[in-house]
Amino acid sequence: MNPLVQVSNLSKHFEIRRGVFRSVAAHVKAVDGVTFNIDAGETLGLVGESGSGKSTVARLMLRLIPATAGRVLLGGQEVTAPQAPMKRLRRKMGIVFQDPAASMHPRATIRWSLRRPLITNGFENSRIDDQIDDMLAKVNLGRELLNRYPHQLSGGQQQRISVARALLLQPSLLVLDEPTSALDISVQAQVLNILLDLQDEFNLTYLFISHDLNVVRYVSDRVAIMYLGKLMEIGPVEVVLQKPLHPYTQGLASSSPPMTPHHRGRKRLLLSEAPPSLINLPSGCRLHPRCPYKKAVCETDRPKLRELAPGHWTACHRAEYLEQNQSSQ
Amino acid sequence: MKTRPNVLSISDLNICFSTPNGMAEAVQSVSFDIKTGEIYTLVGESGCGKSSTAHAVMRLIDRINAPGHRIGGRVEFQGRNLLDLAEHEMCRIRGKEISMIFQNPLDSLNPLFRAGYQVYEAVVLDNISKIDAWARVLELFQQVRISDPEARLRSYPQELSGGMRQRVMIGMMLSRNPTILIADEPTTALDVTIQAQVLELMLALRKTLGMSVWVITHDFGIVAEIADRVGVMYAGVLVEEGDVYDIFDHPRHPYTRMLMESLPRGSKRNGRLQTIAGLLPDPTQAIQGCRFRDRCPDRMPICRESAPALVEDDNGIRVACHRFHNDSTPPTRN
């Protein structure tokens with residue numbers, strides 16, 4: 001089976017211009033050679049700290065910004081091609097952003113915001129209202145919200161409207177960029193439940209971006225870990241988060257707060273310092289200044305993604321050592 | 001833990017804000033103590049009144065930022081009611097005895113002055129010589145584990161990373177050896193690897209300096225990581241309070257229980273998450289009875305008539321729930 005989404009060697013380098021002539025002084029390598037696939041009906045979690053490039057990947061996949069290099073294929077069609085029929089392709093992909101209030105027109109009613117994508121895509125006027133009603137029911141909201149304005153809705157209601165709007169055109173791929181990070185935990189639970197129900201009903205494919213490992217572990221089938229624009233590790237979510245073969249994943253997993261105070265004494269790997277600047281990236285492996293396992297080779301050679309177990313890829317020179325270390329415990 | 005003396009006693013604290021829709025009761029009859037050397041966490045969802053409680057204790061709610069507000073109750077610190085003090089008396093306590101850090105350190109630091117100077121300003125309030133003061137600033141930077149502290153003294157806030165800025169804030173707050181440090185969502189703006197470093201630092205400082213730390217958060221993970229005791233707030237009311245292990249193992253109040261069950265654990269294959277139906281009650285409407293009753297699966301007729309009192313059980317857990325007071329056995333989790 002062909003995967004629904006194929007991302008190969010995707011890069012985005014932002015230029016920094018300085019001086020009188022605005023000449024290019026440096027590049028910010030926000031995303032640097034990222035490759036992954038997502039199967040139809042699957043959820044890929046994308047995890048990383050701020051500045052890791054995870055949101056840039058989302059924007060590149062929908063071609064909200066142009067890529068510097070690399071390709072994105074959706075159902076075999078190239079999204080990144082210059083002549084790509086974007087209007088038709090965009091119907092197949094939806095996106096939900098972190099801040100639902102900022103992604104809706106503040107002075108237009110919810111009805112206006114929901115009708116917009118349907119009108120743009122030439123739906124018949126008579127069918128539009130029925131479709132909106134159907135979709136509202138699926139996100140557990142009533143029709144009475146349609147005449148309200150975004151600020152009159154709670155955060156959870158706003159985010160469910162965003163999900164409904166993204167799904168109105170029946171896309172096959174839904175990109176969720178930190179969809180629950182701005183929500184309270186009881187509301188987060190409502191939104192996650194709805195997302196899982198909708199996925200089952202429509203066989204949706206999700207790219208779920210989050211910094212919260214517990215949320216990612218709950219919703220995802222596979223997970224990809226990013227650091228400073230590079231993919232560090234990718235594989236089945238339980239395997240990657242339980243037995244990570246990359247020091248960065250280990251650091252991330254053990255930095256996450258525990259679920260109960262009984263886990264306070266757990267063995268932890270705390271990464272030192274903070275991530276370096278994206279303009280002045282470290283040589284070799286990008287993690288090496290913070291990595292407790294680094295060797296001389298890590299400072300000179302950039303590690304490539306290698307498949308250590310079926311479907312489990314990691315970009316670390318010391319992965320075999322980490323693996324032995326884990327199995328000997 | 002139980003024998004430790006109280007350093008701060010809040011009793012029957014009420015806070016009302018004036019809104020266009022009438023007076024809003026943000027905090028209602030909240031009472032709790034913070035003991036010497038403990039880490040107390042106040043946890044709750046947005047709008048539950050946890051930050052307002054801390055702001056009232058620090059006397060940061062005034063006529064200018066909240067016209068028409070009303071604050072009642074007692075906040076006892078060193079034998080005095082902080083709510084009765086004149087502003088010039090409060091100035092001697094704020095920063096010196098009780099200090100506070102906020103969610104976004106960039107909002108708390110002045111962008112026009114170097115980080116070291118801003119800490120120095122706090123240190124010289126104690127009438128020490130310039131040379132001693134700068135030595136103290138350097139010592140503080142080392143104490144909060146800022147790497148390359150000599151160079152960082154000369155950095156401007158915007159040149160520092162988020163974690164580093166929060167360390168500068170913590171250093172500034174420690175400069176005058178406060179009795180209590182209040183941290184309002186101290187790591188919410190930080191990445192998890194940096195959050196872990198800052199939480200470690202707070203645990204280490206509590207150990208070496210023996211101060212009390214009052215952490216306000218919405219994140220049960222942070223509670224699980226650092227708290228000794230935890231209070232849970234809902235709609236302006238303290239609904240449950242006790243030892244952190246006890247609360248996590250046996251949450252008594254239905255709200256605490258449901259909130260913990262709504263946290264994702266494990267995989268989606270284990271089933272959907274617990275949700276709490278309904279919305280927060282309108283704070284401008286007077287509420288008779290329990291504030292959680294409309295969303296509560298365990299509600300009884302009495303919940304509509306009278307608000308449950310916060311009653312302490314044999315284990316030192318305090319719960320505000322009629323059902324818990326009627327049944328002697330706490331509801332079990334499944």
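I began with strand 10 of chain A, which pairs with strand 12 (residues 312-314) of chain A in the antiparallel sense over 2 bridges. Helices (H or I, at least four residues) and strands (E, at least two) are DSSP runs, numbered from the N terminus. Two strands pair if DSSP finds at least two bridges between them. I noted one bridge here: A:Glu233 has A:Thr314 in strand 12 of chain A as its partner.

Before going on I wrote down the ground rules. This is a predicted model, where local features need pLDDT of at least 70 and side-chain atom pairs count only at pLDDT 80 or more, while totals for chains, interfaces and linings use all residues. Residues are numbered from 1 along each chain as its sequence is written, and chains are lettered from A and ligands numbered from 1 in the order in which they are written.

I then looked at strand 9 (residues 222-227) of chain A, which runs antiparallel to strand 10 of chain A and is joined to it by 6 bridges. One of them links A:Arg222 with A:Pro236 in strand 10 of chain A. The hairpin of these two strands has 2 residues between the strands, and A:Leu228 takes a positive phi near 50 degrees there.

Is strand 10 of chain A enclosed or open? I found that 6 of the 7 residues of this strand (residues 230-236) are buried, so it is largely enclosed by the rest of the structure. A residue is buried if 20 or more other C-beta atoms lie within 10 Å of its own, exposed if 12 or fewer, and partly exposed in between, with C-beta atoms placed from the backbone.

Entry two, a sheet. I traced an open sheet of 4 strands in chain A, in the order 2-1-4-5, with antiparallel pairing. Its edge strands are strand 2 (23-38) and strand 5 (77-78) of chain A, each pairing on one side only. Inside the order, strand 1 (residues 5-18) and strand 4 (residues 69-74) of chain A are antiparallel and share 5 bridges. A:Gln6 has A:Leu73 in strand 4 of chain A as its bridge partner.

Entry three, a helix. I looked up which residues of helix 4 of chain A are buried, and they are A:Ile132, A:Met135 and A:Leu136. They cover an arc of only 100 degrees around the axis (taken from the directions from the helix axis to the C-beta atoms), which puts them on the same side of helix 4 of chain A. The other side has exposed residues, among them A:Arg127 and A:Asp134. The buried residues pack against helix 3 (110-120) and helix 5 (155-167) of chain A. Two residues are in contact if their C-beta atoms, placed from the backbone, lie within 7 Å.

B:Gly171 lies in helix 7 (residues 162-174) of chain B. It is buried, with 26 other C-beta atoms within 10 Å. Leaving out residues up to four places away in sequence, B:Gly171 touches B:Val119, B:Leu140, B:Phe141, B:Gln143 and B:Val144.

The contact takes 32 residues from chain A and 37 residues from chain B. On the side of chain A that touches chain B, the largest share, 7 residues, comes from helix 6 of chain A.
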